[in-house]
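Here is a short briefing to read alongside the structure.

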Amino acid sequence: MQVAGDLTARRLVLIPYLVSVLVLFWFSTTADESRTENDPVAPHVRTQCSLKVKAGEALEAETFVAREHFKEDITPTARVRISWLGAMFMRRFAVKFETAVNRCLQIHILKNPSNNNAIVGELGIPDGTKLADVWRLLELQANGESGALQTNSAPNIFFVRDAKGDLGVVDVLWGGAGWEIGASPIGSQRTWPPGTRVFFHGAD
């Protein structure tokens with residue numbers, strides 16, 4: 001009888017504690033939902049660098065030739081399975097030569113439909129991402145594996161300068177057989193849907 005009494009007493013002590021935890025959880029969830037509805041983009045998440053650099057070690061610059069990497073190829077030996085390259089991407093971006101170093105990128109997730117100008121105004125992307133940055137992310141998910149790039153048929157977009165130095169948008173989407181890569185002008189009226197991931201090079 002004494003044991004049963006002790007157990008009952010412990011349960012009565014735990015009840016107020018559990019109630020307080022549930023109340024705190026409810027307020028936290030409500031606050032998160034409120035921010036999601038009002039904010040056009042979610043807080044950014046820093047992705048991992050594709051190369052680990054030790055403290056004090058200098059980053060090696062390399063020449064990145066876009067046309068030697070971005071090729072339509074879905075064979076088992078492809079470095080990255082790419083099933084489609086858009087005409088604008090080939091004309092404006094595939095002809096680029098870049099001096100590239102390994103860089104970390106940041107991600108913003110759109111919570112509402114948004115066009116290019118609105119995204120640039122929200123995030124401030126003056127210099128743009130390099131094609132070498134895009135390629136390194138693709139290599140990490142060469143066959144559509146899970147990772148920073150989403151593979152659920154939703155877009156991943158990058159603001160990249162073309163061969164003339166004009167800022168444009170490169171969109172990357174997993175199509176099942178391989179990656180589909182297109183491009184559009186910065187002034188395009190295209191609206192990106194909620195869930196689109198925006199990749200950009202932020203402050204280190």
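Helix α4 spans residues 131–140 and is mostly covered, with eight of its 10 residues buried. Please keep in mind that this is a predicted model.

**The protein as a whole**

- The protein contains four helices and 11 strands.
- Of its 204 residues, 37% are buried.
- Among contacts with a separation of 6 or more, 76% are between residues 24 or more positions apart.
- The accessible surface comes to about 12000 Å², and carbon and sulfur atoms account for 57% of that surface.

**Aromatic pairs**

- How many aromatic pairs does the structure hold? There are six.
- In one of them, the ring centres of Phe-70 and Phe-89 are 5.2 Å apart and the planes stand at 65°, so this pair is edge-to-face.
- This pair links distant parts of the chain, 19 residues apart: Phe-70 sits in the loop between β2 (62–65) and β3 (82–85), while Phe-89 belongs to helix α2 (residues 87–92).
- Both Phe-70 and Phe-89 are buried.
- Phe-158 and Phe-199 also form an aromatic pair, this one stacked, with 4.9 Å from centre to centre and 20° between the planes.
- Phe-158 is in strand β7 (residues 156–161) and Phe-199 is in strand β11 (residues 197–200), so their pairing ties together parts that lie 41 residues apart in sequence.
- Phe-158 has 0% relative accessibility and therefore counts as buried.
- Phe-199 likewise counts as buried, because its relative accessibility is 0%.
- Ring pairs also join Phe-64, Phe-70, Phe-89, Phe-93 and Trp-135 into a cluster.

**Strands β2 and β4**

- Strands β2 and β4 pair in the antiparallel sense, over four bridges.
- Thr-63 has Thr-99 as its bridge partner in β4.
- Which residues form the covered face of strand β4 (residues 97–100), and which the uncovered one? Glu-98 and Ala-100 make up the covered face, whereas Phe-97 and Thr-99 are on the uncovered face.
- As background, side chains in a regular strand alternate between the two faces of the sheet.

**Two loop residues to look at**

- Asp-166 is in the loop between β7 and β8 (167–174).
- Is Asp-166 buried or partly exposed? Asp-166 counts as partly exposed because its relative accessibility is 42%.
- Leaving aside residues up to four places away in sequence, Asp-166 touches Arg-92, Val-160 and Arg-161.
- The C-alpha atoms of Asp-166 and Pro-185 are 8.8 Å apart in space, and the two residues are 19 residues apart in sequence.
- Ser-153 lies in the loop between α4 and β7.
- Although Ser-153 is not a glycine, its phi is positive, at about 75°. For context, most residues other than glycine have a negative phi.
- Ser-153 has 53% relative accessibility, so it counts as exposed.

Methods:
Residues numbered from 1 in each chain as written. Predicted model: local features only at pLDDT ≥ 70, side-chain atom pairs only at ≥ 80, totals over all residues. Heavy atoms only, no water. Buried < 20%, exposed > 50% of the residue type's maximum accessible area, 1.4 Å probe, protein only. Contact = heavy atoms within 4.5 Å. Areas by Shrake-Rupley, 256 points an atom, 1.4 Å probe, with all protein chains shown as cover. Phe/Tyr/Trp six-rings, centres within 6.5 Å; stacked < 30°, edge-to-face > 60°. Pairing = 2+ DSSP bridges.
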